[in-house]
Amino acid sequence: MMIKTDILVVGSGPAGGTAAKYAAAKGASVTIIERRPKVGVPVRCGELIPSAEEISGMFPNAGDITSLFDMPDNLKVREIEGIKLVDPKGRERLLDFTGYTTDRDRFDRHLISEAEKEGAELITGCLFKNTENGKAITSVGEIEYKIIIGADGPGSKVARSLGLPRNVNSYPAVTAQASGDFEPYVQMFFGGIAPGAYSWIIPKKGQANVGVGFSPKFTNGTLSDYFEKFRAKHSLRVTTELEGKYVPSEGMLPRLVSGNGMIVGDSAGQVIPVNGGGIPLAIIAGRICGETAADSIADGRSLTEYQNECEKIFRRPLKTAAYNKRMADIFAFGSDRRTGICMKMLGPRRMGNLIRCKRIFP
Ligand SMILES: Cc1cc2nc3c(=O)[nH]c(=O)nc-3n(C[C@H](O)[C@H](O)[C@H](O)COP(=O)(O)OP(=O)(O)OC[C@H]3O[C@@H](n4cnc5c(N)ncnc54)[C@H](O)[C@@H]3O)c2cc1C
């Protein structure tokens, strides 16, 4: 098979779906390739989407994002009324936080269908392998493109083929669904239950997304063992297979553009290091990436403008969050006692700053 396209988007997650939609809306011909047979499946995500107000608070330079996050009501499975931070002794601190839980498979499919409405074409079951002379080598044949967008997640093959930096020190996380009635708060559990990160219960309707992440620096154990301990401790009735993935933890990569290629979303390290949230960033960056690519084809706009915009929006908050994460690694993680003391010292207001990519101390 030989395909020709203006813009090749590799990956059909939130970054790829959004980039494809905005590039196609500007008139470029867009092809999305996805290695999995079905968009969004299996779900490897906590499925929590902060409200547009929360996202604007974290990334004040993102401009008007209202329309970007104006999702159909049927994707908002459960409103979130706050976050409970739970220390190793089980003491809870409640933070104000607004957002909702989604079904991530339907969420990703919605973004892709929006891209398709603008004219983008999706090919599933198509693995990107490499680039050679302006062509992508894939499992279903060659694809000739003018611009390639790597939206292929944390271990991006596109980044590697473009000679761009790749994420280091990503940490693993696993998730599953559990049935039951859960209060409308996200619960985050810290300490030995999830060394160097946290475990979570994120409520949905009649079920919850439950999971564990950890930093390999703090344990030799396996994630499935930690998940089992967490499941047993909270008597969770798990109804699905455990699914896992790596989460970038060091902030945005220094270079996002090389020649006629760009990276976006997890592949670009656009993830909040301190809590692993990446969907809002993938969507904000996806729009800029797609529009810049289409403008480059239409009137020669430089792709580095995408990098410049991302620097303005993400660099500082993600640098602060990465710094906070390093401080947590040094002072808070390592033992339950230290974790408990640090959480007590910080208190809810500073813990709120931590979650929102703000400085903890002035
Ligand atoms: C367990 C877990 C829980 C999380 N919970 C949350 C949360 O609650 N809220 C939040 O905001 N973020 C969360 N995140 C982070 C969030 O899932 C990511 O930041 C987000 O999915 C990034 O979107 P993306 O489009 O960049 O990448 P992805 O969603 O990873 O999409 C990449 C796509 O590229 C495809 N692909 C990869 N390689 C190739 C290839 N070679 N060829 C073709 N296709 C390829 C993949 O199959 C995938 O579909 C969580 C992450 C994990 C691991």
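**Entry 1: Asp329 and its partners**

I began with D329, which forms a salt bridge with K217, the closest N and O atoms being 2.8 Å apart. This pair links distant parts of the chain, since D329 sits in helix α7 and K217 in the loop between β15 (207-213) and α5 (223-233), 112 residues apart. I noted that the model is a predicted one, in which local features need pLDDT of at least 70 and side-chain atom pairs count only at pLDDT 80 or more, while totals for chains, interfaces and linings use all residues. I also noted that residues are numbered from 1 along each chain as its sequence is written, and that side-chain values use heavy atoms, with hydrogens and water left out.

For the term itself, I wrote down that a salt bridge is a side-chain nitrogen of Lys or Arg within 4 Å of a carboxyl oxygen of Asp or Glu. Helices (H or I, at least four residues) and strands (E, at least two) are DSSP runs, numbered from the N terminus.

Are the two partners buried or exposed? D329 is buried, because its relative accessible area is 12%, and K217 is exposed, because its value is 63%. Here buried means under 20% relative accessible area, exposed means over 50%, and partly exposed lies in between (1.4 Å probe, protein chains only).

I then found that D329 also meets the side chain of K325 in a salt bridge (3.2 Å, N to O). K325 and D329 are four residues apart in helix α7, so about one helical turn separates them. Both K325 and D329 are buried.

**Entry 2: Other salt bridges**

I looked up the total, and the structure holds 23 salt bridges. One of them joins the side chains of R44 and E243 at 3.5 Å, N to O. Because R44 lies in the loop between β2 (30-34) and β3 (48-50) and E243 in strand β17 (residues 243-247), this pair ties together parts that are 199 residues apart in sequence. R44 counts as partly exposed because its relative accessibility is 30%, and E243 is partly exposed too, with a relative accessible area of 22%. I also listed a network of salt bridges that links K26, D295, R301 and E305.

**Entry 3: Asn324 in helix α7**

I returned to helix α7 (residues 304-332), where N324 is found. N324 counts as buried, because its relative accessibility is 3%. What does its side chain reach at 3.0 Å? The side chain of N324 reaches the backbone oxygen of K358.

**Entry 4: Backbone details**

A cis peptide bond joins V41 and P42, with omega about -5°.

Next I looked for positive phi values in residues other than glycine. N169 has a phi near 55°, and its place is in the loop between α4 and β12 (171-179). N169 is exposed, because its relative accessible area is 54%. C357 has a positive phi of about 65° although it is not a glycine, and its place is in the segment after α8 (336-355). C357 is buried, because its relative accessible area is 5%.

**Entry 5: A residue in helix α4**

Last, I looked up R160, whose place is in helix α4 (residues 157-162). R160 counts as partly exposed, because its relative accessibility is 48%.

How values were computed:
Polar contact = N/O pair within 3.5 Å; in protein donor to acceptor, adjacent residues only side chain to side chain.
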